[in-house]
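Please look over the structure shown here before reading on. The notes after it are grouped by topic.

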Amino acid sequence: MAAFSLISIFIMLAMGFVMYNQFLFVTREENVQNTQKLIEQTGKSLEDYLVSMRQISDTAYYNAIKESDFSRENPDIQVKLNLLYEANKDKLRSIALYNNYGSLMMAEPVANQKENVDVTSQSWFEQAMNKKENMHFSTPHIQNLFDDGTQHYYWVISLSRAVEITTSGVVQTGVLLVDMDFSSISWMMKQINDSQNGQYYYLCDSSGEIIYHPRQIQISEGIYKENAVVNGGYEEGVYDEIFDGGRRKVVVDTISYTGWKLIGVIPYESSFTHGMINIQYFVVLLMLLTFMMIVVVNRIVSVRISRPIMKLNDSVKEYEAGEKPEIYIGGSLEIRHLGYSIQKSYEQIDTLMKEIVIEQNERRKSELDALQSQINPHFLYNALDSIIWMIEGERNDEASFMISQLAKLFRISLSKGRTVITVREELQHARSYMNIQKIRYKNTFSVDFQVDPSIEDCCTVKLILQPILENAINYGVSSMDDCGEIIVSGKRDNGNIILAVEDNGLGMSEEEAALVLTDSNRVHKKGSGVGLVNVNNRIKILFGKEYGLTVESEPDEGTRVSICIPEVPYTEENRKKLEEGNIFSIEDTGEIKRQGDSHEK
Amino acid sequence: MKNDKKVFILIEAILAVVFLIVAAFMLFDRADDRIQKISVVLQDSDSSQWSALKYGLEMAAADYDAELFVVSTGGSLTVEEEEALLEKEIDNGANGIIVQPVAGEGTEEMLEKIGRKVPVMQVESAVTTDDETSALPVARPDHYEMGAALADELLKDFNGSLEGKTLGIVANSKDTSAFQDKEEGFMDGIAQAGGEVRWTVNDYSGQEEELALPAYPEVDIIIALDDRCLIQAGEAAANKNLYGAVVYGIGNSMEAFYYLDYGSVECLIVPDEFNVGYESVRGLIQKLQHPFRRVSVRSLSYSVVRKETLFSADNQNILFTMTQ
């Protein structure tokens, strides 16, 4: 997503740059073209104006002066010139005719010639006399010829030409001067110099002398500079130049007849960038908006992609936490497929788990059954040996008692196939067993049952006391002469039931006592071979690992084997639960006890 | 996911802030392009002596994208009239004022008061005594130098000595620093040349009720220290009413040029009024753009014009500014 964003930003920046430059280029081209058109139009107007001046000069010369003799037709000439002046006085300042000595022969409008004016030294006169075949346009200057009494000075452009003046039949050369009011040209130029963007137009002759410039005085004052000398030398066309530290485009048009140059100047800095500042801002704003949009689109796309993944992740987490939520299935095809796969996997895991649990239970049950089945043959052998021994000794009453005890023993042992029985039945089983053993051992030891009656209705695994008693007899009291004593006790202790078998026999060392419950491979010297390990395992399988046997022994003092089981009231329901492998934790036993109490009630 | 959301909101917020800043800049730039309105108050604003100055004002206004308004005043103003005009211009939305201060007490206080509202540029003369530290800048010709130049030209014509010659000095602005400077410059210039200043008229307005120049005692040389007096003197000389007195003066109108051209005035010192006008606008625009920057005092040059050089290229340019 970051790569996508970076690429988008890069493309956006590139587009902005290209767009701005393209816009700038088009604007420049358009600006130059507009300037060219404007210059062409203005040049045409100027040419028209100058042509009209030439026509006035021609009319004055050919219609009034050339064919007339001043000595005879002076008034007629004056009238003709007057008519010509009146017809064009909006453009003209004066029409004057000088002889070759510079004396005024005629002028329109009639005005006093200023005293001490030497026209022969004025440039228009000199040019006309020097090149008689041409018409000469001067640069703008103050007319210094007449005093019209208005105390005013006029800016004129002089059109002078050499003419033939006939006086009394004598032809002499003179100069016809048509002074054009500069304001007409000035007005034309002002019309096109109204741009606010730094672009301007000026007029100069081919030598670079300025005829009109919007900053004419600033240039003469040195406030402003113009490249007129160079520009005046340009041919028609568009030029790029650097002047006064600024790059600019110069569009040049040549005015016919005069060689004047109409020049349009487009400074790069102001003209081309005028209004472009806003474009620059606009492009930046556009880019910012686009960037914001990209971020939003990125966000939407990423959320659209990531949200289903997050939901799927959340449902998987819930599943891992032990809840059983529906695995989220949504979003794009791939995510949905992932969801389906995970769901299917979990379903398979569930099925497998259930199968494993069932297998485990079955295995546990079969193990339990196998353990229990280990007891029966040993004990049966012993009991039958004792009965055989009694019958052989013709102790029929004892044999009968023994057989009745054996019957009780087996009844409880079988218990209709149940594994869990009441403590009472277990104690009964223990009593029966001890009665049989006492007969067998000729009452060489005594047995005392000290059991809290209130625990007798609790659950226990069947046949757990018998192996312990068997060990107590075999390893404890069997070798003692009439002073062996076995105490079977039962009491409640912190929600548990403690059944203990205590003897005053030989006892064993601490190390040996520790091995009794851990070393299942011990070779049993005596007894049925069902060791305490067997009993311990059965209790742990049925009630949980926190329960089982504890062996305490002191050599020559005796041994005490304690059975710790949870206090679970014996009900059919609890029995079934235990037999099905539902191990009760310590916390559960209290609840179960209460349930049991309520059942009893 | 929550962090992503925070980052997203942060990025969007930053972009929005940048967007607003750029938009504000765009608007600020447009506001910056706002055309400054400048009002100009000149005494007797329609007088031809202001032609060049007005052209300078106009050109500078065009160069600096300012809108110029020259207040039409019929003649001389009093301090109160000038204050009223300036207040009116400010009310009409003028961003800056160019003013020719009137002679009289209270002008400085009045201009300082106006200057607290909008930037003020004095033109032609200053009412403040300490120009360098004044908060009211001024664009004016160097009056002292013009007076000195006039004396110099006079002495050139009289071979450096005015011994035995009598002079009459005429001007119409006795209280302005312009007159004082010009007179001081001139007097310093002729101090070593001898000659007697027979009379000095310093409040000559040329009005009908006043004594005409020919009525003053006869002198050999009349020195006119301002344009109006020069025209009066030129006219009197043209009419041959000055008993052969030659006229020297300081002027900046086409009429002054005319009398020089006509031969009624011997020598003309022409202040560069175009530049005075141009510089006043430039200074004011500078002050408008940088309100806390002190605009330096501008003393501008002058030209010496004689009949022989009247139509030189430089002088034609001076005339050009007067004909616009």
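Where in chain A does UniProt place the feature "transmembrane region"? The unreviewed UniProt entry puts this feature at residues 279–301 of chain A. In the model, which is a predicted one, that span is 100% helix and 0% strand.

**Chain A as a whole**
- Chain A contains 16 helices and 20 strands.
- Of its 601 residues, 34% count as buried.
- Among the contacts in chain A with a separation of 6 or more, 65% are between residues 24 or more positions apart.

- Helix H2 of chain A (residues 70–87) has a kink of about 35°, and the kink is centred on A:Asp76.
- Buried residues in H2(A) include A:Phe70, A:Ile77, A:Leu81, A:Leu84 and A:Tyr85.

**Where chain B touches chain A**
- Chain B gives 27 residues to the contact, and chain A gives 25 residues.
- On the chain B side, helix H1 (2–32), helix H8 (254–262), H9 and helix H10 (313–323) each supply at least two residues.
- H1(B) makes the largest share of that side, with 11 residues.
- By class, the side of chain B that touches chain A has 19 nonpolar, 5 polar and 3 charged residues.

**Helix pairs within chain B**
- Helix H2 (residues 51–63) and helix H9 (residues 273–289) of chain B have axes that come within 6 Å and cross at roughly 40°. The crossing of H2(B) and H9(B) is right-handed.
- Residues making this contact include B:Leu53, B:Leu57 and B:Met59 of H2(B), together with B:Phe274, B:Val276 and B:Val281 of H9(B). The contact of H2(B) with H9(B) has 11 nonpolar, 4 polar and 3 charged residues.
- Helix H5 (residues 143–157) and helix H6 (residues 177–190) of chain B also have axes that come within 6 Å, crossing at roughly 35°. The crossing of H5(B) and H6(B) is right-handed.
- Among the residues that meet here are B:Tyr144, B:Leu150 and B:Asp152 in H5(B), and B:Lys182, B:Phe186 and B:Ile190 in H6(B). The contact of H5(B) with H6(B) divides into 10 nonpolar, 4 polar and 7 charged residues.

**Backbone exceptions**
- Most residues other than glycine have a negative phi, and most peptide bonds are trans. The next points list departures from this.
- The peptide bond from A:Glu108 to A:Pro109 is cis, with omega near -10°. A:Pro109 sits in the loop between strand E2 (104–108) and strand E3 (112–113) of chain A.
- A:Ser168 is not a glycine, yet has a positive phi of about 50°. The loop between strand E7 (155–167) and strand E8 (170–181) of chain A holds A:Ser168.
- B:Glu124, a residue other than glycine, has a positive phi near 75°. B:Glu124 lies in the loop between strand E4 (120–123) and strand E5 (138–141) of chain B.
- Is A:Ser168 buried or exposed? A:Ser168 counts as exposed because it has 8 C-beta neighbours inside 10 Å, and the cut-off for exposed is 12 or fewer.
- B:Glu124 is buried, because 27 other C-beta atoms lie within 10 Å and the cut-off for buried is 20 or more.

Terms used: Residues are numbered from 1 along each chain as its sequence is written. Chains are lettered from A and ligands numbered from 1 in the order in which they are written. This is a predicted model: local features need pLDDT of at least 70, side-chain atom pairs count only at pLDDT 80 or more; totals for chains, interfaces and linings use all residues. Axes are lines fitted to C-alpha atoms, for helices over the stretch in contact, and angles run from 0 to 180 degrees between N-to-C directions. Helices (H or I, at least four residues) and strands (E, at least two) are DSSP runs, numbered from the N terminus. A crossing is left-handed if the near helix is turned anticlockwise from the far one by less than a right angle, and right-handed if clockwise. Two residues are in contact if their C-beta atoms, placed from the backbone, lie within 7 Å. Ala, Val, Leu, Ile, Met, Phe, Trp, Tyr, Cys and Pro count as nonpolar, Asp, Glu, Lys and Arg as charged, and the others, Gly among them, as polar. UniProt positions are given in the numbering used here, feature names are shortened, and annotations may be inferred rather than shown by experiment. The bend at a residue is the angle between axes fitted to the seven residues ending there and the seven starting there.
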